[in-house]
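I opened the notebook to record what I looked up in this structure, entry by entry. The entries follow the order in which I went through the strands, the ligand shell and a helix.

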Amino acid sequence: MQDYRVSLEEIHTYVKNIEDTGKVASYIPELANVNKAHFGIYLNNLKGEDQHIGDYNIPFSVQSISKVLTLSKALQLIGTDVWKRMDVEPSGDPFNHLSLLELEEGIPRNPLINAGAIVIADILVSELKDPKNEFLQFVRDITNDQTIAFNEKVALSEKNTGFVNYATANLLKSFGNLKNDVETVLDFYFHQCALEMTCKQLSNAFYLFANRGNCMRDVAHLSLTQVKRINAIMLTCGFYDEAGEFAFEVGLPGKSGVGGGIVALLPNEFVIVTWSPGLNPKGNSYLGMQALEQFTTKTGKSIF
Ligand SMILES: NC(=O)CC[C@H](N)C(=O)O
């Protein structure tokens, strides 16, 4: 791949020399069992000349990365009506904060924080006959991989400790921005977060955001306008109160999850996925962010 002056080996070596001060998420007990030493990168350059290194083929919990996929499904189903129930502004707050939601009367700042994603889950529960299975099928279809599944243990673990998400859903309900019952919506939400995918599968799933809405099989799933808007939301809101930092250091639209994964992409050029479970205090992968900073700095490829 002559386009990219940096090899993933170089980035791997750079990252291996950094002390990983990140901590594995433990507020979802099942995630605390993950070995922090895992590290993987998968680079899909849209031309079939992929590169990878490390643990790129080990499934991990995608967590909040799933919020981009549920948003996509909701836009497919009800289009711009999504924006009647939430905004598209960065929150500048942690992913699970409640204060803004109360102040702004149950209208979440954006679909990539928990409150917004719970409203999106409500939309999918209303619109789909068999929400969990139909959403899973959507993810399998865009990834072109029928093996992707939910990890039921992770979903249950989060349900048992999901007090803040229950508070969020109840607050949304009290403001009339949740149509279905709290249990049903959160059951869907905990399952979407408990999707397990590898770096490679995630890069294949996010291919459509770099490829004008068309997946790897060249099937159109989203319009160009929808993809433009989703990428804009990833850039401004994909890293919660560190969205500015990610744009500053890396300069790509992307999304993180507390499983330690980060997906980032440059439209019409590539999708890159990193996995390193140690999280910084804002809940984003500590080494993943540094690997991506090195990648865009060394290749000179960012949206800026
Ligand atoms: N940032 C994340 O990945 C958070 C997702 C997690 N399932 C939660 O709701 O707390």
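## Notebook: strands, ligand shell, helix

I kept in mind throughout that the model is predicted.

I then looked up the pairing behind that contact, and found that S7 and S8, the latter covering residues 270-275, run antiparallel and are joined by six bridges. Three residues lie between the strands in this hairpin, and among the hairpin's residues Asn268 takes a positive phi near 65°.

How many residues of S7 are buried? I checked the strand, which spans residues 261-266, and six of its six residues are buried. Sorting them by direction, I wrote down Gly261, Val263 and Leu265 as pointing one way, with Ile262, Ala264 and Leu266 pointing the other way.

Four residues separate the strands in the hairpin of S6 and S7, where Gly260 takes a positive phi near 100°.

I next turned to an open sheet of three strands, whose order I recorded as S3-S5-S4 with antiparallel pairing. Its edge strands are S3 (60-61) and S4 (149-150), each of which pairs on one side only. Two bridges join S3 to S5, residues 195-197, and I noted Met197 in S5 as the bridge partner of Phe60.

Which residues are around the ligand? I listed Gln63, Ser64, Phe95, Asn96, Asn114, Glu158, Asn165, Cys193, Gly257, Val258 and Gly283. I classed this shell as three nonpolar residues, seven polar and one charged.

My last entry concerns helix H13, residues 286-299, whose 14 residues reach 21 Å from the first C-alpha to the last, close to the 20 Å expected at 1.5 Å a residue. Its buried residues include Tyr286, Leu287, Gly288, Met289 and Gln290, and also Phe295 and Thr296. I looked up what the buried residues of H13 pack against, and found helix H1 (8-16), strand S1 (40-44), helix H12 (243-249), S7 and S8. Just after H13, I noted that Gly300 takes a positive phi of about 70°.

Technical notes:
Residues are numbered from 1 along each chain as its sequence is written. This is a predicted model: local features need pLDDT of at least 70, side-chain atom pairs count only at pLDDT 80 or more; totals for chains, interfaces and linings use all residues. A residue is buried if 20 or more other C-beta atoms lie within 10 Å of its own, exposed if 12 or fewer, and partly exposed in between; C-beta atoms are placed from the backbone. Two strands pair if DSSP finds at least two bridges between them. A residue is near a molecule or strand if its C-beta atom, placed from the backbone, lies within 6 Å of it. Ala, Val, Leu, Ile, Met, Phe, Trp, Tyr, Cys and Pro count as nonpolar, Asp, Glu, Lys and Arg as charged, and the others, Gly among them, as polar. The expected span of a helix is 1.5 Å times one less than its number of residues. Two residues are in contact if their C-beta atoms, placed from the backbone, lie within 7 Å.
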